[in-house]
Amino acid sequence: QGMCQPCHGFGDLSSFTGTCNNRGVCHDDDDARAQQIASNQTGFKVTSATGSGHCKCFPPFFGAGCEQGCCDPGQRLLQRADMT
């Protein structure tokens with residue numbers, strides 16, 4: 001029996017909330033199941049899929065919680081409110 005823990009980057013930066021500092025996607029159980037479905041798997045392979053808890057960072061960000069990196073010159077980082 002395990003414990004649930006947030007993925008890296010959950011609330012690491014004061015201006016960001018959410019997993020991977022909103023700079024990537026957490027490979028959680030939902031993501032693992034979606035990958036199984038995308039691979040045309042069914043049944044137990046889908047329902048038993050578990051994620052690694054690691055972040056898949058959007059370029060140009062990197063680090064365990066996507067906390068490192070910055071936007072290219074001429075671009076700005078969109079805050080969560082800017083994305084709606």
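Contact here means heavy atoms within 4.5 Å. The views show a predicted model, in which local features need pLDDT of at least 70, side-chain atom pairs count only at pLDDT 80 or more, and totals for chains, interfaces and linings use all residues. Residues are numbered from 1 along each chain as its sequence is written, and side-chain values use heavy atoms, with hydrogens and water left out.

**View 1. Surroundings of C66 in the chain.** C66 counts as buried because its relative accessibility is 0%; buried means under 20% relative accessible area, exposed over 50%, and partly exposed in between (1.4 Å probe, protein chains only).

**View 2. The disulfide of C57 and C66.** The S to S distance is 2.2 Å, where a disulfide is a pair of cysteine sulfur atoms within 2.5 Å. The torsion about this S-S bond of C57 and C66 is about -95 degrees, so the link is left-handed. C57 lies in strand 2 (residues 55-57); strands (E, at least two residues) and helices (H or I, at least four) are DSSP runs, numbered from the N terminus. C57 counts as partly exposed, at 24% relative accessibility. Residues up to four places away aside, C57 touches R23, G24, F62, G63 and C66.

**View 3. The disulfide of C20 and C55.** The structure holds two disulfides, and one of them joins C20 to C55 with an S to S distance of 2.1 Å. C20 sits in the segment before strand 1 (24-26) and C55 in strand 2, 35 residues apart. The link of C20 and C55 is left-handed, with -95 degrees about the S-S bond. Both cysteines, C20 and C55, are buried.

**View 4. The largest nonpolar core.** Its six residues are C7, C20, C26, C55, F61 and C66. Such a core is a set of buried Ala, Val, Leu, Ile, Met, Phe, Trp, Tyr and Cys residues joined through side-chain atoms within 4.5 Å.

View 5. C71 is in no disulfide. C70 counts as exposed at 56% relative accessibility, whereas C71 counts as partly exposed at 25%.

**View 6. The two ends of helix 1.** At the start of helix 1 (residues 29-38), a side-chain oxygen of D28 reaches to within 3.3 Å of the backbone nitrogen of D30. Just after helix 1, N40 takes a positive phi of about 65 degrees.

How values were computed:
A polar contact is a pair of N or O atoms within 3.5 Å; within protein, one must be able to donate a hydrogen and the other to accept it, and residues adjacent in sequence count only if both atoms are side-chain atoms.
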